[in-house]
Amino acid sequence: MNFGQRGRDLVLDCQSGSDLSTSQDDQICIKPYKDEAVRGCLEEITWHMDELDHLAESCGPAEGEKLRLEVRPALLLHDTAIRRNKRCLLAYTNHRVNSIRHHKTLAGTSSSMIPTNLLSEAESEFQQAFEQLRCQQSELYMGESGLLSIDLSRSRMPPTQTMIQVRVKKSLGSIVLADSSTVNLEAGTVHFLPTTDVEEFIQQGYLEIAEGEEAF
């Protein structure tokens with residue numbers, strides 16, 4: 001039996017790569033939920049637990065005696081495998097929950113929801129509840145009727161500089177900046193623009209910060 005393989009597969013699935021399952025806009029930064037691997041990992045934990053119970057019942061020390069030395073390696077193996085699989089499952093779950101929480105509205109669309117065919121049933125329920133909470137907070141803090149007119153989609157950290165040099169990773173075409181000027185954002189071009197105007201595009205993956213390059 002290949003101990004830990006399913007847990008390893010789940011951790012590797014958390015790594016971003018070119019084989020991400022995406023929507024038609026190629027912007028969904030989460031892979032399909034690996035239900036079979038998760039179930040297999042849980043079944044492996046259950047198997048190890050059963051083996052621990054069997055060893056404890058059949059090889060357990062009598063009262064006042066120490067555990068026999070020949071039994072200890074097997075107990076350690078099963079215990080380590082259980083703990084490792086638990087850590088892998090928690091890492092996988094935490095990664096996917098954070099991906100749902102930080103998912104941004106795609107350019108050209110009105111929905112910020114990840115397609116349910118990429119999520120588990122529990123993840124879909126979490127996404128709906130989180131989206132409702134985000135909408136409630138947006139109504140409370142944004143707009144003319146809001147308390148503070150704060151855009152919650154913006155970074156909570158103030159920018160370190162008012163202008164930033166960025167490289168276009170995916171073409172956006174012409175956009176209008178806050179000062180009513182326009183800029184053509186074509187893939188591969190580099191621009192020096194106000195931070196507040198491009199922050200959202202950087203978060204969505206359309207732009208990246210370019211260091212030490214000249215705009216053209």
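Which residues in α1 meet which residues in α2? The legends below take up this contact and then other parts of the chain.

**Figure 1. Overview of the predicted chain.** This is a predicted model, in which local features need pLDDT of at least 70 and side-chain atom pairs count only at pLDDT 80 or more, while totals for chains, interfaces and linings use all residues. Residues are numbered from 1 along each chain as its sequence is written, and side-chain values use heavy atoms, with hydrogens and water left out. The secondary structure comprises five helices and five strands, where helices (H or I, at least four residues) and strands (E, at least two) are DSSP runs numbered from the N terminus. Along the sequence these elements follow the pattern α-α-α-α-β-β-β-β-α-β. Of the 216 residues in the chain, 30% are buried; buried means under 20% relative accessible area, exposed over 50%, and partly exposed in between (1.4 Å probe, protein chains only). The chain exposes about 14,100 Å², of which carbon and sulfur atoms supply 52%; such areas come from the Shrake-Rupley method with a 1.4 Å probe, and for residues only the protein chains shown count as cover.

**Figure 2. The contact of helices α1 and α2.** Arg6, Gly7 and Leu10 in α1 meet Ala37, Val38, Gly40, Cys41 and Glu44 in α2, contact being defined as heavy atoms within 4.5 Å. By class, this contact has four nonpolar, two polar and two charged residues. Ala, Val, Leu, Ile, Met, Phe, Trp, Tyr, Cys and Pro count as nonpolar, Asp, Glu, Lys and Arg as charged, and the others, Gly among them, as polar. Two packed helices are described by the angle between their axes and the distance between the axes. The axes of α1 (residues 5-13) and α2 (residues 35-59) come within 8 Å and cross at roughly 145°. Axes are lines fitted to C-alpha atoms, for helices over the stretch in contact, and angles run from 0 to 180 degrees between N-to-C directions.

**Figure 3. Val71 in the loop between α2 and α3.** Val71 lies in the loop that joins α2 to α3 (72-101). Is this residue, Val71, buried or exposed? Val71 counts as buried because its relative accessibility is 5%. The C-alpha atoms of Val71 and Cys59 are separated by 7.2 Å, although the two residues are twelve residues apart along the chain.

**Figure 4. The open sheet of β4, β1 and β5.** Three strands form an open sheet in the order β4-β1-β5, with antiparallel pairing; two strands pair if DSSP finds at least two bridges between them. The edge strands are β4 (190-194) and β5 (207-209), each of which pairs on one side only. Neighbouring strands of this sheet are turned by 45° against each other on average, direction ignored. Strand β1 (residues 163-168) and β4 pair over five bridges, and Ile164 stands opposite Leu193 in β4.

**Figure 5. The hairpin of β2 and β3.** Strands β2 and β3 form a hairpin with five residues between them, and they pair in the antiparallel sense over four bridges. Ser174 has Asn184 in β3 as its bridge partner. In a regular strand the side chains alternate between the two faces of the sheet. Ser180 is found in the loop between β2 (173-176) and β3 (182-185). Ser180 has a positive phi of about 75° although it is not a glycine. Ser180 counts as exposed because its relative accessible area is 62%.
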